[in-house]
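The following paragraphs guide a new reader through the structure shown here.

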Amino acid sequence: MASPFVFSVAEDVEDDRNYQPGGLFPVKVGDSLGPEGSTRYRIVAKLGYGSYSTVWLARDLVAKRTVAVKIVRASETETSREAAILERLRVSPPLTDPAVLQLLDSFKVTSANGTHQVLVTELAIRLTDVLKLPRIEVNTRNIVRQVLEGLAFIHERGVVHGDLYPDNIGATVDLDSLSEIDIWERCGPPTIVPLVAYDPARDAASFPPHLTYGPDLDGLWKKGFTPREPHVRILDLGCAYLAEQSPSPRCHTPRAYMAPEVLFPTIAHDNRDAQWDWRADIWAMGCTICTIARGGVLFHGGFTVWTRWPDAVEAHQRIGWPISRQFRTKSNPKVFYTPEAADALWATTLLHLQRWGQTAEDAQGLVALLRRMLVIDPMERPTASELLKDPYLISTTTLLNENVSSSI
Ligand SMILES: Nc1ncnc2c1ncn2[C@@H]1O[C@H](COP(=O)(O)OP(=O)(O)OP(=O)(O)O)[C@@H](O)[C@H]1O
C-alpha cells in the first residue's frame, strides 16, 4: 500500500501508514497525556518504535522523574499481554533492583484511531551501548550474575520471556535531575518530517502533524547519567507468556538465539507452533551472555549456502549430541558432533573472552557456565536459580575491574 502522505520516509521512523484507525496513537513532542485524561506525562523526545508501538521519553510531572512511555497500537491493545506480565513482575520495597524493567504506571488513552494501552516504565538503554561509555566499570561476572538474577526472578513469577537476545538486555539511566526544558536545551530540536495527506479529506486527528526522529542521546548518556556499575534490566516483555498458558505462543526469539527444540521443528517441518518453555529462555540467555561478555556470537541465524538449514543448526550439532531421529530429513546436514568438535567451538569462545581482557581462570569459569546452559536436551538445562550457584558466580577470587571502554 503506497503512503497516503506526501513526504513519506522509509528509514528510522515508524511507518506513516500506521496512522489510521486501529493503528498508532498520534502524538508529538510537547504533548501531555495521563490516566483519566490527566496531563501527568509530558512527551520530551522519541526513544524508538517497534512493530506495535511508539516509545517516548517523557517527564512525569507528578513524581518529578523521567520515564519511558510506550503507546501500543489500537489493534493490539485488547490482545497485548505486556501490561499484565509487567504488572506481575513489578516489585515493591525492600526488593528494589530486580534486573527486570519495572512498570511504573499503565492506563489507556483514546484517539481517532481507537483505544491505546500506555505503559510507563523505567528508562533503560541497551547494555552493550552502556558498556562502551567512558567511566563505566565493566565487571563481567557481576553483569552475568545480574542477568541470571533477572531471569530467575521472571521464571519464579511464572513468566517465560521468549525474546532474549542482546538488544533486550538493558541498563538503567537516570535523567531525573533534568527537567524537560533541560533535556530540550541539551539535545536541541528534533528532526521532523511534516505529514501532509494527499487526500485533503483525510481525518487530521488520525495522524500527528509530523513524524519525529529520535534525538542523538549519546551526548546525554556520556555525561554520567548511568551508574558506574551498570544496573541491568531485562527488557521487552512483549513476547512473554504466563507459564501456565498452554499451548505456548509462537516463539519470536531470533534464530541465532532460538533453542534447538524450537529451531529444529520450525526449520525442518515448518512447525511454527513448536512447544517451548522457560528452558528455551535458558538457551537464549546463554547465547546472549556469550555475546555481551565478548565471547563472540556462538551461532549464526543466517542460512548456509548449501542447505536450507541455518548455520545455527550445524553449530548446535557440533556442541551437543546428534539431533534426534525425529528431526532428521533428507536435507538435514550431516551430524558433526564429536567431543573434540564441541571443545573446539568452546575453545574459540575462550580465546575471544581472554582477548577482551578476562583472565584465563575467569574465561574458563564463564565457558563452563555457558556449557551448562547450552545443552541440546532442554530437560537437562538447569534453572536460572540453580545457575546462580555455579562456581563461576560464587567464586571468591577478587573481582577484576575489567575497565574496557573500547567497543564491544
Ligand atoms: N524502557 C525503555 N527505555 C528506553 N527506550 C525504550 C524503552 N522501551 C523501548 N524503548 C525503545 O523503543 C524501541 C521499541 O520498543 P519495543 O521493542 O518494546 O517495541 P515493540 O512495539 O514491542 O517492538 P517489537 O515487538 O517490534 O520489538 C526499542 O527498540 C527501544 O529503542
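A residue is called buried if 20 or more other C-beta atoms lie within 10 Å of its own, exposed if 12 or fewer do, and partly exposed in between, with C-beta atoms placed from the backbone. The model is predicted: local features need pLDDT of at least 70, side-chain atom pairs count only at pLDDT 80 or more, and totals for chains, interfaces and linings use all residues. Residues are numbered from 1 along each chain as its sequence is written.

His 210 is partly exposed, because 17 other C-beta atoms lie within 10 Å. His 210 belongs to strand 11 (residues 210–212); strands are DSSP runs of E with at least two residues, numbered from the N terminus. Between His 210 and Val 193 there are 5.2 Å from C-alpha to C-alpha, although they are 17 residues apart in sequence.

Lys 70, by contrast, counts as buried because it has 25 C-beta neighbours inside 10 Å. Lys 70 is found in strand 4 (residues 65–72). The unreviewed UniProt entry places the feature "binding site" at Lys 70; UniProt positions follow the numbering used here, feature names are shortened, and annotations may be inferred rather than shown by experiment.

The ligand is surrounded by 17 residues, and the closest are Gly 48, Gly 50, Ser 51, Val 55 and Ala 68; a residue counts as near if its C-beta atom, placed from the backbone, lies within 6 Å. Strand 2 gives the most to this shell, with three residues.

Definitions and conventions. Helix = DSSP H or I, 4+ residues; strand = E, 2+ residues; numbered from the N terminus.
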